[in-house]
Amino acid sequence: MKAICTLFISLLTLFSGVPNKTVDKVDLKRFGGTWYCLYSIPTMFDKGSREMTTHYTLNKDGYYDVVSTCKKDNDPEIHTFKSKIFPVDGTGNAQLKAQFIWPIKVDYWVIGLADDYSYMVVGHPDHRFLFIMSRKPTMDRKLCEQLIARCKAMGYPVEDLVSQQFHNQEAGGSVIAGSGR
């Protein structure tokens, strides 16, 4: 059944006219810094996380040292984990590879990015995960709804998005239609 659903989503994406692709270019210096993850289709590393922030530091070797912090489930402690993000040559730096465990790297695509780098959307070529991130722990509800609608048109299962539950989000709770998340 899962295979049929995946095929259906792939066909829907093909005919929707919105391919799952990266932005044209990412300025590595502007991309660096702190990002707040507002909504996500989590990976196995961040499942059950909330209030996640990620700080990207571009090092002299041309890749990012990444430090992420979050709270897990009902645990009030702050958890920290490190990873690396490597730009892929010839992609305008919009396709990256994330390395959480050496030597394994996974695709990490920038599929949405504000001109002023105030928000970004990170996805995967096989729709395995999705992150809607902002430079602030808040985002305008209408903008967030537009980003989610675009991700849905690209074939992402937006019904699986989880709020990172930052307090005082301008989005005002769930912006996902029909979702109690």
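**View 1. Glu 51, a buried acidic residue.** Glu 51 is buried, at a relative accessible area of 17%. Buried means under 20% relative accessible area, exposed over 50%, and partly exposed in between (1.4 Å probe, protein chains only). This is a predicted model: local features need pLDDT of at least 70, side-chain atom pairs count only at pLDDT 80 or more, and totals for chains, interfaces and linings use all residues. Residues are numbered from 1 along each chain as its sequence is written, and side-chain values use heavy atoms, with hydrogens and water left out.

**View 2. The Arg 50 and Glu 51 salt bridge.** The two side chains meet at 3.3 Å, N to O. A salt bridge here is a side-chain nitrogen of Lys or Arg within 4 Å of a carboxyl oxygen of Asp or Glu. Arg 50 is buried, with a relative accessible area of 16%.

**View 3. Lys 71 bridges to Glu 51.** The closest N and O atoms are 3.7 Å apart. Lys 71 sits in strand β3 (residues 64–72) and Glu 51 in strand β2 (residues 49–58), so the pair ties together parts 20 residues apart in sequence. Strands (E, at least two residues) are DSSP runs, numbered from the N terminus. Lys 71 is partly exposed, at 22% relative accessibility. Arg 50, Glu 51 and Lys 71 are linked in a network of salt bridges.

**View 4. Lys 97 pairs with Asp 107 in a salt bridge.** Their closest N and O atoms lie 2.7 Å apart. The pair links distant parts of the chain, 10 residues apart: Lys 97 in strand β5 (residues 95–101) and Asp 107 in strand β6 (residues 104–113). Lys 97 is partly exposed at 28% relative accessibility. Asp 107 is partly exposed too, with a relative accessible area of 23%.

Conventions: Helix = DSSP H or I, 4+ residues; strand = E, 2+ residues; numbered from the N terminus.
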